[in-house]
Amino acid sequence: MKLLLTIVLDGLIEASWLFIVALGLTLVFGVLKILNIAHGSFYALGAYVAATVVTAVAARGLSPALGFAAMLLATAVVAFAVGLMLERGLLRLFYGRNEVVLLLVTYAVFLMLEDVTKLVWGVNPLYATQPYELFGNAEFAGLFYVGYDLVLIPVAALAGLAVWFGLNRTVVGKIVTAVIHDEETSASMGVRVNRVYALAFAFGVLLAAFAGALTAPKISVQAGLSSEVIILSFAIVVIGGLGSVEGAAIGAFLVGLARAASVHLLPQAELFMIYLVMACILVFRPEGLFQRATARKI
């Protein structure tokens, strides 16, 4: 029982930040119908910006709480600006083209951002450990956990609830939902579809960068960080169903649980277990666990 509780808690910790990344990916796909390969690069961008800000705050001898707040604020500003510039300056030029073209465009953005991060921050790892000590330690099932890791769980839950509430219980969310289901009718009713596209993409970038900032204190921020993240994110949204917030939550939990279980029981099969879970679900539910309802065309 103790091992089971440990696996579940480790799985929740792993799933928390993965869910935030996947949430941005599934939001972008739901609105813009784009499988955004560059999403992992936005995660890495958030991690690099956070590490830079935390290092600057720590060098001035300021408190970890201030460093934590500063890294989140700086990441939000940079990520939202980058998202808007990319959507307005590049992606909008390819709307209406084949989905493969947009896939290749985002892959090109992924490659460019990989080189940009190397040019700006170099190839040596960066560390932003100051906020990691902010919440102390906590004991669970006879094991000690860093409080920062446990805080990520409610933060991810709040992020998911905020996005769900925004989409389902606000006027802006209703407009976004209308664009998701039928952009032509929405445009004919006066909705500025291009503005919805820009804000949705920027917000998706913001979520990815936010997850990168939250995990920066836990890891060494270095080149190649984005590759593993985008693979895991795609696994999550495929399991849960493309465009589904609920599916992203369940998919993240299953991936986190599979990864934690394999680390404790079969470490050599860590990545294999994730793809095994994905394959098993797709055999029975090819559209994912939460298939998005679509209007029937006659």
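Trainee: Is Tyr197 buried or exposed?

Mentor: Good place to start, and keep in mind that this is a predicted model. Buried means under 20% relative accessible area. Tyr197 has a relative accessible area of 7%, so Tyr197 is buried.

Trainee: How do the planes of the Tyr95 and Tyr197 rings make the pair stacked, tilted or edge-to-face?

Mentor: A pair of aromatic rings is described by the distance of the centres and the angle of the planes. Planes over 60 degrees apart count as edge-to-face. The ring centres of Tyr95 and Tyr197 are 5.1 Å apart and their planes stand at 70°, so this pair is edge-to-face.

Trainee: How many residues apart are Tyr95 and Tyr197?

Mentor: Tyr95 sits in the loop between helix 3 (64-89) and helix 4 (99-121). Tyr197 belongs to helix 8 (residues 193-215).

Trainee: Which residues form one aromatic cluster?

Mentor: Nice follow-up! The count of aromatic pairs comes to nine. One aromatic cluster is formed by Phe68, Tyr132, Phe135 and Tyr148.

Trainee: Which residue has its backbone oxygen 2.6 Å from a polar atom of the side chain of Thr75?

Mentor: Look at the side chain of Thr75, in helix 3. One of its polar atoms lies 2.6 Å from a backbone oxygen, and that oxygen belongs to Met71.

Notes: Residues numbered from 1 in each chain as written. Predicted model: local features only at pLDDT ≥ 70, side-chain atom pairs only at ≥ 80, totals over all residues. Heavy atoms only, no water. Phe/Tyr/Trp six-rings, centres within 6.5 Å; stacked < 30°, edge-to-face > 60°. Helix = DSSP H or I, 4+ residues; strand = E, 2+ residues; numbered from the N terminus. Buried < 20%, exposed > 50% of the residue type's maximum accessible area, 1.4 Å probe, protein only. Polar contact = N/O pair within 3.5 Å; in protein donor to acceptor, adjacent residues only side chain to side chain.
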